[in-house]
Amino acid sequence: MSTDRPRSLAEELRSRSDAELAGLLRARPDLVNPVPSDLASLAARAATRPSVQRALDRLDLFGVQVVEVLCALPDPVVPARVAELLGADPTERMAALHEQALLYGDPGAPFLLRTVREVVGNPAGLGPPVEQALAAYGPARLQQLVADLGLPAGGDPVAAAHDVGVLFADDDRLDALMAGASPEAQAALAALAWGPPTGRVERARRDVDAASAGTPVEELLARGLLVATEPITVVLPREVGLRLRGGRVHEAALPAAPALDLTPRDPHEVDRTAAGAAFAFIRGVEDLLELWGTEPAKVLRA
């Protein structure tokens, strides 16, 4: 993995050839109007939320799937990991995203433009990473969770949340943690697997521990498999959601457009129907002009 990467999108654009810059402007024509004064201005405009939203709106379904997988991974992105979570080869779409300056840096370890993550939010119905979700917990609750997970105790909440994140990043340890839950708790997890990743629970921030958990939800909260982010809201951490989905972000990758379900029609019948529709349109225009001839339309002030 290369660490020699541009420090910013502007720095990468300065290293692009004229042909590559022309490709960017063809792919994202909104960047041309008004004409940017320099490459720094072009990079700044390319990273704005409205421009990124337009670029994402122009993607096909498979392109959106690739973007959602990229958003589910930390920077720098490993293409092999993208292919694993996608279930298909993302090379072509990732090259297109790089051309559009939505990805930048070393193609073998690119960085996703931060604005893309902001626009997409939680991708494909997945929740936030567990370390991010645990920011809602206070020090005492975090220390209880760390103890229930068998992790080393410490007084730093940030370090505790990081330790939980490391545990959840280990697929074998996470699988063992989920396997130790009761069937009822596992059924509750399965209900959230494909999104939305949040659920409503009264007193979600109650004090719980593994020894005294009396309900499936308390059992999941005690293990960190659900995290209380609000007084009545719990969220399924992203790592747990991915394991429940079998290590895939989407149920199925769709690299090709689905076949259209067509119904054969007689060409002569189509021609007659089209002629009838054209006649009805012309007749409607004639009626409108005749009405305006006797009662002119009012002029709008604007």
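Let's start with charge. The protein carries 30 positive side chains and 42 negative ones. The centres of those two sets sit 5 Å apart. Keep in mind that this is a predicted model.

Next, the overall build. We have 16 helices and five strands. Along the principal axes, the C-alpha atoms fill a box of roughly 85 × 50 × 50 Å.

Now the surface and the inside. Of the 302 residues, 37% are buried. And the contacts? Take those with a separation of 6 or more: 67% of them join residues 24 or more positions apart.

On to the backbone. P34 is in the loop between helix 2 (18–27) and helix 3 (39–46). Another joins D75 and P76, where omega is about -10°. P76 also has a loop position, between helix 5 (61–71) and helix 6 (79–86).

Two alanines deserve a stop. A101 has a positive phi, near 65°, without being glycine. Find A101 in the loop between helix 7 (91–99) and strand 1 (103–104). Is A101 buried or exposed? Its relative accessibility is 0%, and buried means under 20%, so A101 counts as buried.

Then A124. Its phi is positive too, near 55°. A124 lies in the loop between helix 8 (114–120) and helix 9 (130–133).

Notes: Residues are numbered from 1 along each chain as its sequence is written. This is a predicted model: local features need pLDDT of at least 70, side-chain atom pairs count only at pLDDT 80 or more; totals for chains, interfaces and linings use all residues. Side-chain values use heavy atoms; hydrogens and water are left out. Helices (H or I, at least four residues) and strands (E, at least two) are DSSP runs, numbered from the N terminus. Buried means under 20% relative accessible area, exposed over 50%, partly exposed in between (1.4 Å probe, protein chains only). Contact means heavy atoms within 4.5 Å. Lys and Arg count as positive and Asp and Glu as negative; His and the chain ends are not counted. The place of a charge is taken as NZ of Lys, CZ of Arg, CG of Asp or CD of Glu.
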